[in-house]
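Let's take a friendly look at a protein together. Please have the sequence and the 3D view ready.

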Amino acid sequence: MAGCTQHRDISAAIQGLVAALPAVRAAALQALTAVPALAAGRLPDDQGDRDELLVVLHMACFDVQEDNARAAGALWAHLGEAVPPSYVVPLVRLATQGPRDIQLAAAAALSSAAQSVPGSVADALEAVIHAYEVGNQAVRVGVARALKGLARELGDQE
C-alpha cells in the first residue's frame, strides 16, 4: 500500500511541477522532498514513472521562478541522476503546449538535455520541427522557444 501511495504522491507532484502558477510548482517541489523514497535518494522502481519524474524535475531546474529552480536543482543533485534518453517527446510537448513559464523552462531543459544525452540533438530537432508542422500559432511560439534553445547545441552535422 505504501508503494501505491508513493506513486500517487509522485504523480500528483509531477502534475504540480507543470502548473502555470509558481506557487503550485513550489508546493509540488516541497511535496517531492517529503516522499520518503526520494528523500532517501531512491527513484520509483517503474521505469516509466522514473523517466517522467526525471524529465519533469530536470525541466523544473530551469523554472523562471528562481526559488523553484534552486529547489529543483537541489533535489536533482540529491538524486544524482541523469536526463533519461526518453526526454525528447515530453519536453517538446511541454515546450510547445504548456503555459508560458513551462514553455520557457522546457525549452531551456530541452537544450540542456540535448547537450547531456549524446546523439539526441537530431531527434530533438526533428520532434520540434514536427510540432511546428502540425501546430497552431500558440504551438509555434513554443517551437520558436525550443529552437532557440536547441540552436546552441547544433553542430556541423546537424
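Which side chain meets that of Asp 63 in a salt bridge? The partner is Arg 25, at 2.6 Å from N to O. A salt bridge here is a side-chain nitrogen of Lys or Arg within 4 Å of a carboxyl oxygen of Asp or Glu. The pair links distant parts of the chain, 38 residues apart: Asp 63 is in the loop between α4 (47–60) and α5 (66–79), while Arg 25 is in helix α2 (residues 22–34). Helices are DSSP runs (H or I, at least four residues), numbered from the N terminus.

Before going on, please note that this is a predicted model, in which local features need pLDDT of at least 70, side-chain atom pairs count only at pLDDT 80 or more, and totals for chains, interfaces and linings use all residues. Residues are numbered from 1 along each chain as its sequence is written, and side-chain values use heavy atoms, with hydrogens and water left out.

Arg 25 also meets Asp 101 in a salt bridge. Here are both pairs:

| Salt bridge | N to O distance |
|---|---|
| Asp 63 and Arg 25 | 2.6 Å |
| Asp 101 and Arg 25 | 3.5 Å |

The whole structure has six salt bridges, and one salt bridge is counted between domain 1 and domain 2.

Now for the domains. An automatic or database assignment gives domain 1 (1–81) and domain 2 (85–157). Their C-alpha centres lie 21 Å apart. Across the boundary, 13 residues of domain 1 are in contact with 15 residues of domain 2, where contact means heavy atoms within 4.5 Å. The two domains bury about 1,100 Å² between them, 78% of it on carbon and sulfur atoms. Buried area is the accessible area (1.4 Å probe) that two parts lose on being put together, summed over both. On the domain 1 side, Val 55, Met 59 and Phe 62 lose the most area to domain 2, together 47% of what that side buries.

Finally, look at two helices. The axes of α7 (residues 100–116) and α9 (residues 137–151) come within 8 Å and cross at roughly 35°. Axes are lines fitted to C-alpha atoms over the stretch in contact, and angles run from 0 to 180 degrees between N-to-C directions. Residues making this contact include Leu 104 and Leu 110 of α7 and Val 141 and Leu 150 of α9.
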